[in-house]
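Please keep the sequence and the model in view while reading.

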Amino acid sequence: MRTPRRFFARLLNSVTRRRDNERLREEIEEHLALQTADNLRAGLSPSEARRQAVLRFGAMETIKEEYWSERGLVFIETLLQDLRFGWRSLHRSPGFTAAAVATLALGIGANTAIFSMVDTLLIRPLPVQHPLDLTFLVFPRDASHFDPEFSGPEFRQLQDQTRGVFSNVNAMILGGLSGPTGRADGLTVDAITQPAQTLFVSGEFFQMLGIRPSLGRFILPSEGNIPGGDPVVVLSYRYWKTRFRGDPGILGRAAYVNGRPVTIVGIAPKGFLGPTPLVDMEAYLPLSMMTVETAGNADFLTAIGTRQLLILARLAPGVNMERANVALASLGQQFAKQYPRPGEGTLQARPLRPPGLMNGPNPLPALAGLFLTLAGMVFALACLNVANLCLVRATDRQREMAVRAALGGSRIRLIRHLLGETILLTQFSAAAGIVAASFALQAVSSAVTATDLPIVFEFPFNFRVFLYTLGVAVLAAAVVGVFPALRISWGNLNNILHEGGRNLTGRGQRTRSVLVAVQVASSFALLIVAGLFVRSLQSAQHSDLGFDPMHVLNVALDPGEIGYSQIQATDFYRQLLSRTRVLPRVQSAGLALTVPLGDNTPSSEIMIPGRVPQRGEELRANFNAVSPDYFTTMSIAVLRGRDFLESDTESSSRVAVINEAMAQRFWHGLNPLGRSFKRNGDAQHTLEIIGVVRNSRAEDVYSPISPGFYVPLSQAYTSAQTLHVRTAGPPQAITSMVLAMVRELAPTTPVLSVRTMTDAVRNGPGGLLLFNLGAKLTAALGFLGLMLAVVGIYGVMTYAIGQRTQEIGVRMALGAQRRTILWMVSRQGLVIVGTGLAIGLVIAIGVGRLVAEFLVGIGPADPLTYTIVFILLCFIASAACFVPARRAVQVEPTVALRYE
Amino acid sequence: MRHKIDVQQGTLALMILKTLDVLGPLHGYGIARRIEQISGDLLAVNQGSLYPVLLRLEQEGAIASEWGPSDSNRRARFYRLTRAGHKLLLAETRDWEQTTSIIGRFFQVKAKDFS
C-alpha cells in the first residue's frame with residue numbers, strides 16, 4: 001500500500017518535473033535561522049552561531065541530492081533530461097536533423113507501407129468474434145488445390161453429424177461467381193438499378209460470426225430454407241454509405257434483386273467485408289433466395305449432384321483443428337460412398353484466414369517476403385546514411401565529449417546523451433514515415449480500380465502496423481546510435497585532448513568505407529530487382545494477345561438485374577447490336593459473355609466421343625459465348641471453317657468454334673471441323689465444330705494458352721453480356737451515343753461498366769495490373785535505394801576529402817599535378833564503389849532467384865538488366881566520387897594550406 | 001567526548017513518527033531538536049538528513065505538512081501525523097519491540113543454556 005503510493009507520487013513528480021526546490025530551500029533557511037537563534041541564546045558570537053548551525057545541518061549538497069532522488073524517479077528524470085538535451089542539440093543543427101529525419105522517414109515509411117499491405121493480404125484476421133476458430137471445409141485435390149463445394153444434402157448432413165466438433169456450420173454461395181457470368185446481381189431501389197456483390201448465406205451465418213448489425217437486423221436462423229421464401233436483404237456498411245449515403249430510412253424499404261422484390265432489413269457493421277479479406281460482400285440474402293439467380297430453380301438446395309455451397313464452420317469451444325480433422329476424416333469416408341465425387345482426398349477443415357478460400361498455389365507469402373526484403377534493404381540504406389551522418393557529427397564532437405568526460409561525465413552518461421538524440425530522431429522519423437506511408441498506400445489503393453468486383457484494397461492503420469513501425473524505429477535507433485556510441489567508448493580521452501581534434505581519420509574512416517560499400521551493394525541488388533520487374537512488364541506488354549485491343553469499346557450490361565426475361569433480353573441485345581453497327585465510325589460490333597483478361601474466365605469440362613480420359617486427366621476448356629461478328633470485332637483470325645452466323649439460332653443444330661490450342665490438344669492436328677464434343681452437365685446437346693480461330697489470351701498475359709471454345713450466344717443465353725465495338729479512331733468518341741441508345745431501349749437497365757479494351761488489358765486483373773503494380777513498387781524502392789546510396793557516397797567522399805584538404809595543399813605546393821591528385825583522392829572512393837558492386841552482384845544473384853517465379857518473358861539473370869544497372873550505378877557512383885574530388889583540387893594551394 | 005552511535009536504517013523514520021505522535025505538529029527544526037534531546041545527544045545524525053526522510057514519509061502518506069508561522073514569526077513547514085501514519089507507528093512499534101526483545105534474549109544467552 002505504501003510502496004505503490006510512494007512510487008506514484010515520485011512518478012508524478014518526475015513527469016511533472018516538480019522539484020519543489022523552493023520549498024526545501026525555505027525549510028533549510030528557516031531551520032538554520034532557528035538553530036542560529038538557539039546558538040545565540042547559548043552565548044555564541046553571531047558568526048560562530050551561524051557556522052555551528054550549518055555544521056550541525058550536515059553536507060548541504062548531499063542532502064539536496066538525497067531529497068531530490070527521494071522526490072522523483074532518478075531513472076525517468078535522467079531520461080527526460082537526456083531527451084531534453086537531445087532536443088537542444090538537434091535544435092542547434094537543423095540541417096543535420098532535417099536530413100536525418102527525411103532519410104529515416106523514407107526508410108521507415110517504405111517498410112510501414114509494405115508491411116501494411118502484407119498485413120492486409122496475409123495477417124489481418126476477420127473483424128469477427130474469435131476469428132481464429134473459423135474454418136471452411138474442403139476436399140483437398142493436391143498440395144494447393146481443393147474442392148470446396150458441397151450440395152444441399154451434403155450440407156445438411158454435415159450440420160447434423162459434426163455437432164461434437166463444430167458449434168456452428170453454415171453454407172454460403174457467392175452471388176454471380178457461381179454462375180457462368182461472374183457478374184454481380186442488380187439491386188433496384190427507387191427505380192435505379194446498380195450492381196451489388198451478393199452473398200447468399202444460411203440462417204446462422206451471422207450468429208456464427210458473432211457480430212452485431214450496425215442497423216436493423218441480420219438474417220435469422222429461421223430464414224433460408226424455403227426456395228425463394230424469405231425475401232430480405234442485409235447491406236454492407238460500405239455499400240450503404242456509398243450508395244445511400246448512410247440513410248437510416250433505407251430500412252424496411254422495398255427493393256428488387258434481379259427484378260424480384262425484397263426488403264432491406266439491416267446494415268452490416270462497419271469494417272466487415274464478409275468472409276473474404278479483399279472483396280466487399282455488398283448484399284447478404286438468405287441461402288434459399290439464390291433462386292433470384294437461378295430463375296426459380298432450387299437444385300442448389302436439394303439436388304445431390306449440384307454442388308454450389310461453400311461451407312464455413314466454427315470450432316466448438318475446446319476443440320482444435322487437429323481434433324476436428326480426425327472427426328471429419330471418418331465422416332469424409334462415409335461421404336465418399338454416399339455422395340461420390342471425382343478425385344480422391346478426405347474431408348478437411350482449413351482455417352479461414354488469408355488467403356482464405358483462394359484455390360491454387362498462393363504466391364502471396366513469397367511476394368510478401370520479397371517486398372519485405374526489398375523494403376528492408378531500403379531501410380538499411382537509410383539507416384547507414386544516418387549512421388554515417390551521426391558518425392561525422394560524433395567525430396566533430398569528439399573534443400566536446402572528451403572535455404565532458406574529463407570533467408567527470410561517466411561514459412554511460414555520455415552515450416545516453418547521444419542516445420537521447422537518436423531516440424528523438426527516430427521517433428520524429430517514425431511519425432513522418434507513417435505519414436509518408438499513408439500517402440504511398442493511397443496511391444496503391446487508387447491503382448486498383450478497374451475490376452468489376454468491389455475489391456477493397458485499403459490498408460487501415462492498425463495496432464500491428466503501429467507495433468511494426470515502432471519496432472523498425474527502435475531498430476533504426478539501435479543501428480544509428482551504436483556507431484557513435486562505440487566511438488566514444490573506444491576513444492582515448494588523453495589522446496583526443498592532446499591531438500587537438502586532428503588525426504581522427506583512422507578508424508572512423510574505415511567504418512564509413514564499409515558502410516558505403518554495403519550501401520552500393522544493396523542499392524545494386526534493389527535496382528536489379530526493379531529492373532527485372534520493369535523488363536517483365538515490358539515483355540508482358542509486348543506479348544501477343546491474339547486479339548487487337550486498340551480502338552475497341554466495352555460496354556457491360558445486364559438487363560437480368562431489372563428482371564428481364566430471356567425473350568426481352570434477347571430482343572434488347574438484338575436491337576442494340578443492329579443499331580450500334582450503323583453508328584458513324586463503327587467498323588463492327590459483337591457481344592460476348594466475358595471480356596478476356598477480366599475477373600473470371602469460365603471453363604467447362606467436356607466429353608469427346610470415343611475418348612476416355614486417362615487417370616487423373618481432366619478434359620477441360622475455357623469457353624465464351626459470343627455473337628456473330630465477335631471475331632471480326634476483336635480481330636481474332638478465323639483460321640478454318642466459318643464464324644457464327646445469324647442463322648445459328650436456338651432451334652438450329654448446336655455449333656462451336658474452337659481455338660488452336662484446343663484443336664492441338666484434343667485432335668492432335670487432325671482436321672477438327674465436323675467433329676463434335678459435349679459439355680458436362682448438358683448431355684443432350686452435341687456441339688459440332690464449325691471453325692478454328694487463332695489462340696488468344698483469356699485468363700492472363702503470361703501462362704501458356706489453354707484450350708478454349710466459343711458457342712453462339714443464341715444457343716447459350718445469359719443476361720449479362722458485354723458489347724464490344726470496334727471503331728475507326730478513339731473509341732471513347734461513341735460512348736455517349738451507345739449509352740443514349742441503351743437508355744432508350746431499356747431505360748432502367750444498369751450499365752455495369754464502360755471501358756476501352758486497352759484500359760481493360762492494362763488494368764484488368766488478368767491483364768497487366770499486377771505487372772504494373774510490381775514494376776511501380778519495385779521501381780519506387782529501387783529509386784529510393786539509389787538516391788540514398790548516392791547521398792551516402794557523396795557525403796562520405798566530401799567529408800573524407802575535406803579532411804585531406806591540407807595534405808592536398810601541401811602536395812600541390814610541392815608541384816603535384818592536379819590530375820594526379822584527382823586520381824589519388826577519388827581512387828579511394830572508386831575502390832569502395834568497386835567492392836560494393838562486387839558484393840551487390842552476389843546479393844543480386846541471390847535475390848534474383850527469389851523473384852524468378854514472378855517474372856515473365858525474361859530469366860532472373862537477364863543480361864540486359866544487369867548491364868544497364870551496372871553501367872548506371874558505376875556512372876552515378878563515380879560521379880559522386882569525382883565531384884567532391886574535383887572541388888578539392890580546384891582550391892588554391894595557399895587557401896588549402898591555411899585551411900583548418 | 002562520548003561515543004556517538006550511527007542511526008540505523010529506518011529508525012530515524014520511527015523516531016520522527018513517535019515524536020510527532022507525542023508532541024503534535026512540529027516543524028523540521030523542532031523535530032530535530034526533540035530527537036537530539038530525547039537521545040541525549042548520543043546520536044550522530046546530521047539535522048539535514050531529516051528532510052529526505054520527512055519527504056519519504058509524506059509521499060507514503062504517513063505524515064502531512066503545511067505552512068504555518070514559526071516562533072520567529074516566519075514561515076515554517078509543519079508536519080503532523082496522519083491516520084495512516086498513526087497505524088504505521090503502532091505496527092512499527094510492535095515490530096521494533098519484538099526485534100529488541102529477540103535481540104535482547106540473544107544477548108542474555110549463556111553457553112550453559114544450550115547444554
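What percentage of the 115 residues of chain B count as buried? In this predicted model, 28% of the residues of chain B count as buried.

**Chain B**
- Chain B contains four helices and three strands.
- Along the sequence, these elements of chain B follow the pattern α-β-α-α-β-β-α.
- Among the contacts in chain B with a separation of 6 or more, 56% are between residues 24 or more positions apart.

**Strand β24 of chain A**
- Strand β24 of chain A covers residues 721–727, and seven of its seven residues are buried, so the strand is largely enclosed by the rest of the structure.
- In a regular strand, side chains alternate between the two faces of the sheet.
- From β24(A), A:Gln721, A:Leu723, A:Val725 and A:Thr727 point one way.
- A:Thr722, A:His724 and A:Arg726 point the other way from β24(A), and the residues of both groups are all buried.

**Partners of β24(A)**
- Strand β15 of chain A (residues 552–557) runs antiparallel to β24(A), and six bridges join the two.
- Within this pairing, A:Asn554 has A:His724 in β24(A) as its bridge partner.
- Strand β16 of chain A (residues 586–592) is also joined to β24(A) by six bridges, and these strands run antiparallel.
- Here A:Ser588 has A:Arg726 in β24(A) as its bridge partner.

Conventions:
Residues numbered from 1 in each chain as written. Chains lettered and ligands numbered in written order. Predicted model: local features only at pLDDT ≥ 70, side-chain atom pairs only at ≥ 80, totals over all residues. Buried ≥ 20, exposed ≤ 12 C-beta atoms within 10 Å, placed from the backbone. Contact = placed C-beta atoms within 7 Å. Pairing = 2+ DSSP bridges.
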